[in-house]
Amino acid sequence: MKVTINRTYQKDSTLGLLTYGHFRAHTLELPDLDNQEDISCIPAGLYSCRKHQSPANGHCIEIINVKDRTHVQLHKANYLSNILGCIAIGNSSRFRDNGEPWVTNSKDTLTALMELLPDTFDMVIK
């Protein structure tokens, strides 16, 4: 079974719905700016992933084979300002008063997903 993220691209962000079996979560990424490091979401595609312990982000998912990029992760984060080309996860998505999207309960949502996942797996981003 693969983790799947179905995206919706917006001018200033990328929102998604992550599914893994019966598990559902919302994702938040930077806008699509042609895979530029630290300012863009990664391209849609099939990726190899593994559970990882990051010095900066703690328990997370490392997305391994991103073309022209390194250290791409799905990690706990709530706001666009918390990610540099990575993927934030939460149990819902909302919008701040200024219109900026964010995801809620990121830490708990990531913990719940990590408990379901094997150590290595594939992720499809559409």
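Me: Which residue lies over the face of Y79, and at what distance from the ring centre?

Reply: A charge is said to sit over a ring if NZ of Lys or CZ of Arg is within 6 Å of the ring centre and within 35 degrees of the ring normal. In this predicted model, where local features need pLDDT of at least 70, side-chain atom pairs count only at pLDDT 80 or more, and totals for chains, interfaces and linings use all residues, residues are numbered from 1 along each chain as its sequence is written. Side-chain values use heavy atoms, with hydrogens and water left out. Here R96 lies over the face of Y79, at 4.4 Å from the ring centre.

Me: How many aromatic pairs does a search of the whole structure find?

Reply: Rings of Phe, Tyr and Trp (its six-membered ring) pair if their centres lie within 6.5 Å, and planes under 30 degrees apart count as stacked, over 60 as edge-to-face and the rest as tilted. The search of the whole structure finds one such pair. Its rings belong to Y79 and W102, with centres 5.6 Å apart and planes at 25 degrees, so the pair is stacked. This pair links distant parts of the chain, 23 residues apart, with Y79 in the loop between β6 and β7 (87-90) and W102 in strand β9 (residues 101-104); strands (E, at least two residues) and helices (H or I, at least four) are DSSP runs, numbered from the N terminus.

Me: Why does Y79 count as partly exposed?

Reply: Buried means under 20% relative accessible area, exposed means over 50%, and partly exposed lies in between (1.4 Å probe, protein chains only). Y79 counts as partly exposed because its relative accessibility is 26%.

Me: Which strands pair with β7, and in what sense?

Reply: Two strands pair if DSSP finds at least two bridges between them. β3 and β7 pair in the antiparallel sense over three bridges, and T27 has I89 as its bridge partner in β7. β6 and β7 pair in the parallel sense, also over three bridges, and there the partner of H75 is A88. From β7, I87 and I89 point one way while A88 and G90 point the other way, and all are buried.

Me: What is P31 in contact with, beyond its neighbours within four places in sequence?

Reply: Contact means heavy atoms within 4.5 Å. P31, in the loop between β3 and β4, is in contact with several such residues, including Q10, S13 and C41. The C-alpha atoms of P31 and S13 are separated by 4.0 Å, although these residues are 18 apart along the chain.
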